[in-house]
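Welcome to this short tour. Open your viewer, get ready to select residues by number, and follow along one stop at a time.

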Amino acid sequence: MMMTIAISASAITRKEARVMTDRLAYELRLDARQYNEVYHINLHYAPGTTHKTQAMARVLTPRQFDKYMAMKRHAHAVPLPPRHHRPHVAHVPHHAHHAVARHTAAHRW
C-alpha cells in the first residue's frame, strides 16, 4: 500500500504524460503499441526513476532506448549562463573593495 501511495503521489497528470509521450513518439518514431505503453509508463512512473528507465528498456528497441538515454542526459546538461548574467552574483565597484579593506583595518587596531 505504501508503494501505491508513493507512486501516485509522484505521478504526473494525464496531460503531462500525453505531452511527454508525443515528444518521445516524434523523436523515437514509436509505433502504436509502443506509444500506448510509453504513455502508461509516463503516467505511472515519476520522471528519472530507475523503475521508469527499466520499463522503457522493455518497450523500446535498443536503438530507441540509446536515443532515449541520450535525450535524458542532454536534458540534464543545461549550461550555466555567463557570469555577468547570473542573478546571484552581485557587482561591487572596484573602489568599494578598498573602502571595506581600510574600514576593517582601522577597526582592528
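Start by selecting helix α2, which has 15 residues and reaches 20 Å from its first C-alpha to its last, close to the 21 Å expected at 1.5 Å a residue. That expected span is 1.5 Å times one less than the number of residues in the helix. Helices here are DSSP runs of H or I with at least four residues, strands are E runs of at least two, and both are numbered from the N terminus.

Before going further, a word on what you are viewing. This is a predicted model, in which local features need pLDDT of at least 70 and side-chain atom pairs count only at pLDDT 80 or more, while totals for chains, interfaces and linings use all residues. Residues are numbered from 1 along each chain as its sequence is written, and side-chain values use heavy atoms, with hydrogens and water left out.

**Stop 1**

Which residues of α2 are buried? Colour Ala 17, Thr 21, Leu 24, Ala 25 and Leu 28 to see them. Buried means under 20% relative accessible area, exposed means over 50%, and partly exposed is in between (1.4 Å probe, protein chains only). Now look down the axis of α2: its buried residues fall within an arc of 105 degrees, so they line one face of the helix. The arc is taken from the directions that run from the helix axis to the C-beta atoms.

**Stop 1: Thr 21**

Zoom in on Thr 21, which sits in helix α2 (residues 14-28). Is Thr 21 buried or exposed? Thr 21 counts as buried because its relative accessibility is 0%. Its side chain reaches the backbone oxygen of Ala 17 at 2.7 Å. Next, show Tyr 35, Val 38, Tyr 39 and Asn 42: Thr 21 is in contact with them (heavy atoms within 4.5 Å), leaving aside its neighbours within four places in sequence.

**Stop 2**

**Stop 3: Arg 29**

Just after α2, select Arg 29, with its positive phi of about 55 degrees. Most residues other than glycine have a negative phi. Arg 29 lies in the loop between α2 and α3 (32-44), and counts as exposed because its relative accessibility is 72%.

**Stop 4: helix α4**

Move on to α4 (residues 50-59), where the buried residues are Lys 52, Thr 53, Ala 55, Met 56 and Val 59. They cover an arc of only 165 degrees around the axis, which puts them on the same side of α4. The face turned away from that buried side carries the exposed residues Thr 50 and Arg 58.

**Stop 5: an aromatic pair**

How many aromatic pairs does the count come to? The count comes to 1. Select Phe 65 and Tyr 68: their pair is tilted, 6.2 Å centre to centre with 35 degrees between the planes. Rings of Phe, Tyr and Trp (its six-membered ring) pair if their centres lie within 6.5 Å; planes under 30 degrees apart count as stacked, over 60 as edge-to-face and the rest as tilted. Both residues are in helix α5 (residues 62-76), 3 residues apart, about one turn of the helix, and both are buried.

**Last stop: the whole chain**

Zoom out to see 6 helices and 0 strands. Buried residues make up 23% of the 109 residues in the chain.

Methods: Polar contact = N/O pair within 3.5 Å; in protein donor to acceptor, adjacent residues only side chain to side chain.
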